[in-house]
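Biologist: I would like to learn how to read salt bridges and surface patches in a model. Could we go through them one at a time?

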Amino acid sequence: MIDFKGMTEYNSKHMEEEGASFAFDFQGFFFKIISYWKLFAISVVLGLLTAYFINVRKQNIYKLGSLISIENDKSPFSTATTSISFNWGGVSGKVGQVMTSLKTRTHNEKVVDSLKLYLDYLEEGKYQKIDVYKKVPFVFKPNLDAPQLLNQFIGIRFVDEMSFEVFTEFEQNQGKGQLYATKEFETIFNLPVGPFSKTYRVGESVVLPFLNGVLDLNGFIIKPNAEYFLRFKSFDKVVNSFQNSIRVGAFEKSTSIIQLSLLGHNKNKIVDFLNTTSAILSQTDLERKNIYATNTINFIDSTLSSVDMNIRSVSEKMDRFRKKNDIVDVEGDMEKASLNLQVLETQQEEIRVKLNYLNSLENYLRTETDYSGIAAPTSVGIDEVNIVASVARIIALSTERKTREYTIREESSIFRNIDRQIDAEKNVLLATISSTQNTLNGQLKSLNKTIGAIENRLSSLPNDQQEYLKIQRQLNVSQAAYDQYIAKRSEAAIARAANISDITIVDEAKDIGAGLVGPDTSLNYMMGILAGLFIPLVILFIVYVLDNTIHGVEEVKRLSNIPILGVVGKDKHKNNLVVYEKPKSAVAESFRAIRSSLQFVLKNNEAAHAAKTILITSSISGEGKTFCSINMSTIHALSGKKTILVGLDLRKPKIFDDFNLTNNKGVVNYLIEEHSLEEITNTTAIENLDIITAGPVPPNPSELLISERMDTFIEVLKSKYDVIILDSPPLGIVTDAQDLTKYADTNIFMLRVNYTKKGMLQFINAKYQAKEIKNLSFILNFYKLSKSKNMGYGYGYGYGYGYGVYGSSYHESPKKKGFIQKLKQKMKRKA
């Protein structure tokens, strides 16, 4: 039962918290979601169907991998017995360099070029063309010097085992082509617009504006009329695709083993790419190592040429001397002194060679920026540890910088860091070179002093003997230097030939039947379910937030403290006389409940007079004000109360039509003193119910309703009737209803579910708070009791609400209308 005491007082505390009361109604939104469960079910089904069609159209995605090992940088030929050695820079940073190299554009260009991966072999699948690389019975060898049309599907249909047909279709006469020899693009003209086909023999050159090359068989069985497709793609885009797709990382916790992996639709293509990239990487590393030995060989060769010229010159000099002089007999001790002098001069020559190398190295370091062309210091006998190590580190850093130039911008901090390391190492090496030069110059000075002493001793010999010994020493020194360089060149050549790459394949990529990683069908189905739930949820949320109409009892109670007198359900009866013509309906029972509640309201108001005046109004037209007025008066009349229904909506009169009356005369005629009360009063077929219609629409309705004649009119009605129902104009549109509230013992404000705006509650709250309208109650029209509400939402808000799900068994259930009947009813309403 309602606490009707609250109907006479407005809760000021609620009005103070009115701003907070407009917070989001999570409970209402939750029950709205439940009420649309069918929409969610349909949406989920559509999401699952979408996921299914996506899954069946997606090609399988495979992931394969391989392992490569990075060994220490060294030459397998370097032993303690060799006089020349190569230090490649050590293993420090090698793994990082290799990982960087694998992602460089230069490296991936070599792989794509070697495998010709810019050419796709395709076959028509169920939903799209699929990649059949290495699964076709032929291989097409493109002419790299002729343009190939890009992104055009070119069909290959086998007529028999030795002939095939090239077919395609063009929409325009020009397209973009590429020459894969130079990677240049060019526009191809004179394409045959429309369908095209031409037959060729296997092995015959195909020369067309859009296709150039030779088709050869590869051992597969030829199926007549089998169709395949070729498609050429941009070389740069293919390289970029693989460059971004390949994954490089350390294998587990190993510091020297790298794992490569690649995703794709064709496992054969993945296997070939991974194994080829490892092979090319190993070959590139070997070429890098051989550069050091090659530079050394080139340096020795350039030195050998000058030594060889010197030997020839001295030999010719010796020949001329022998022709001119007889055989010279030199004393034994003098010959021995000459041999000692030869040893010293050999040492002197070795020092000069070292100094020449150091001077050249110093000049190279000061003038060049690429330090990868330095020859090994040991090639000239320099085995000073600091020099050898510094040269190796500078070469390694210079090589690393060149490698990173393909993947990193020049302004990157990585380059600045490498350059700082090179400069630091170069400064150390220059200081070491200067120190070594000073040491060698000291040794050379000492040797020159010793050689001068011996030459003074030999000066006592006859001139011909002195000349002979001098030429002989020069010849022997030159020959010894030549022999030494020949030996060192042989060692360098053997070292280069014996070089092996530091990169070895530990586990090559191989198709063993596994590797399927996609598409993730379960994820797609999950996404379909989530989308099916999320999309309608968002739509409902947006609609719910943007919807500013009233939806139920709980929402009204949250937005206003004005009491709710009762609720009236939606009824599709042909007219407004539901209570009279369908007394057992749920709507009729709702009005009985409201009548019972009104008894408490009117009793609590302690009206001084016997007659009870009830004013019914609303915010705007269409909220059920007239419907409620008619049925409210009917329900009171049927209870034995002498009741009159007065139509005071002078601007838009309505109530007469349902009782088959005319609106020729009514309240207006009385107020202008044209007719008496008896003349405007109409009896109805309903016992105890009379009606006074509004009458003709006057030019001044507001003035008539506030006239003294109106006061007399109400007083006369109160003396004749027990219940007076006033059907007033909408309160939210005109002020007429507010002027009439002074005559009413209680005022009923109609709210229509999903129609009345929430803002009107603020409007009526303000009127009520300012006491412009007293004794105000709400009736909720078009109310629909759902199972969700019966389970808690809107439960227990008054006597009039109790007839819901369980009460429907007592009431008459309206017969369900067929489609034709519903259509006729809608057409009738429109008419």
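Modeller: We will take salt bridges, then a surface patch, in this predicted model.

Biologist: How many salt bridges does a search of the whole structure find?

Modeller: A salt bridge is a side-chain nitrogen of Lys or Arg within 4 Å of a carboxyl oxygen of Asp or Glu. Searching the whole structure gives 22 of them. In one of these, Asp120 and Lys269 meet, with N to O at 3.3 Å. This pair links distant parts of the chain, 149 residues apart: Asp120 is in strand E2 (residues 119-124) and Lys269 in helix H8 (residues 267-324).

Biologist: Is Lys269 buried or exposed?

Modeller: Buried means under 20% relative accessible area. Lys269 has 11%, so it is buried. Asp120 is buried as well.

Biologist: With which residue does Lys269 form a salt bridge at 2.8 Å?

Modeller: That partner is Asp131. Asp131 belongs to strand E3 (residues 129-131), and 138 residues separate it from Lys269.

Biologist: What about the salt bridge of Glu772?

Modeller: Glu772 meets Lys767, at 3.1 Å from N to O. Glu772 is partly exposed, at 39% relative accessible area, whereas Lys767 counts as buried because its value is 17%. Elsewhere, salt bridges with shared partners join Asp120, Asp131, Arg231, Lys233 and Lys269 into one network.

Biologist: Now the surface: which residues form a nonpolar patch?

Modeller: Ile42, Val45, Leu46, Leu49, Tyr52 and Phe53 do, with about 570 Å² of accessible area together. Ile42 lies in helix H4 (residues 37-57). Its relative accessibility is 51%, so Ile42 counts as exposed.

Terms used. Residues numbered from 1 in each chain as written. Predicted model: local features only at pLDDT ≥ 70, side-chain atom pairs only at ≥ 80, totals over all residues. Heavy atoms only, no water. Patch = residues over 30% accessible without salt bridge, like charges linked within 9 Å, V, L, I, M, F, W, Y side chains within 5 Å. Areas by Shrake-Rupley, 256 points an atom, 1.4 Å probe, with all protein chains shown as cover. Helix = DSSP H or I, 4+ residues; strand = E, 2+ residues; numbered from the N terminus. Buried < 20%, exposed > 50% of the residue type's maximum accessible area, 1.4 Å probe, protein only.
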